[in-house]
Amino acid sequence: MYPAERHKWLINTARETGRVSVSDASASLGVVPETIRRDLDQLCTQKMLRRVHGGAIPIEFDLLGDQPLDTRDSSAVSQKEQIARAALPHLPADNGSIILDAGSTTGRLAAIIPPTRRFTVFTNSSPIASAMATHSACDVHLLGGRLRPTTQATVGNVDAISRLRVDVAFMGTNGISLDHGLSTPDADEVATKTAMIASAHHVVVLADSRKMGAESTMRFAELGDVDVIITDSGVTPHQVEMLQKSGVEIVIA
């Protein structure tokens with residue numbers, strides 16, 4: 001196989017599955033791992049892929065790091081709105097309780113919760129708390145702690161969260177993969193997210209399809225800790241199949 005053919009295969013595999021590994025590519029293409037590593041390095045230099053441990057992921061995942069909330073809020077807008085609408089049926093009955101994790105997609109869910117619905121809402125997002133307190137009939141609790149300017153999320157609140165028990169936690173994430181689970185770049189946010197998931201009877205993750213196959217630095221949950229992932233139609237059939245095999249319900253908005 002010529003280098004150009006290998007490169008095309010590597011790019012297509014990464015886009016279809018969310019990730020291409022050196023070992024799998026070496027076995028599938030019948031070349032030594034060193035050849036695949038050189039191919040991936042070249043494709044990354046050309047900004048066709050992004051190198052990660054053991055392989056590479058699509059270059060668009062480079063946009064999913066620890067960026068300011070307003071930057072993330074202006075990307076994939078229609079997909080996030082569709083995901084938020086698809087999350088509405090997962091709200092508990094009135095007088096139930098929910099956690100809304102900080103994030104641009106969870107923020108869109110907060111904005112469209114019907115104003116007549118009544119929940120006890122816990123959130124570590126100051127924008128979400130403000131929006132919910134203004135337009136809803138919910139009892140809103142902003143979880144205290146240090147406010148991270150980048151994400152506008154409070155952290156350092158694990159003790160308070162660990163005393164909660166809520167019906168549903170709606171979570172955001174920077175990446176979702178079979179090997180690394182759900183991940184995010186900041187250690188303090190990892191602790192907060194982990195505590196949120198542990199406090200909930202039902203966990204719903206809101207993640208646009210760019211997150212599928214992506215891995216950030218630190219894992220905050222295994223796929224087995226999650227009940228439902230709501231994403232958009234950009235997810236590939238292969239990704240859906242792999243996630244379903246892990247026991248997670250996949251909802252495509």
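Residue numbers start from 1 along each chain as its sequence is written. Because this is a predicted model, local features need pLDDT of at least 70 and side-chain atom pairs count only at pLDDT 80 or more, while totals for chains, interfaces and linings use all residues; side-chain values use heavy atoms, with hydrogens and water left out.

View 1. Over residues 3-58, the chain is 64% helix and 18% strand (DSSP runs, H or I of at least four residues for helices and E of at least two for strands, numbered from the N terminus). The end C-alpha atoms of this stretch are 19 Å apart.

**View 2. Two domains and their contact.** The domain assignment, which is automatic or from a database, gives domain 1 (1-59) and domain 2 (67-250). Their centres, taken over C-alpha atoms, are separated by 32 Å. Six residues from domain 1 and seven residues from domain 2 make the contact (heavy atoms within 4.5 Å). About 530 Å² is buried between the domains, 48% of it on carbon and sulfur atoms; buried area is the accessible area (1.4 Å probe) that two parts lose on being put together, summed over both. On the domain 1 side, Glu16, Thr17 and Arg19 lose the most area, together 63% of what that side buries.

**View 3. A salt bridge across the interface.** Between domain 1 and domain 2 there is one salt bridge (a side-chain nitrogen of Lys or Arg within 4 Å of a carboxyl oxygen of Asp or Glu). Arginine 19 and glutamate 215 meet through their side chains in a salt bridge, at 3.3 Å, N to O. Helix H1 (residues 3-17) supplies three residues, the largest share of the domain 1 side that touches domain 2.

**View 4. Lysine 193 meets aspartate 101.** Lysine 193 sits in helix H9 (residues 187-198) and aspartate 101 in the loop between strand S4 (96-100) and helix H6 (104-112), so the pair ties together parts that are 92 residues apart in sequence.
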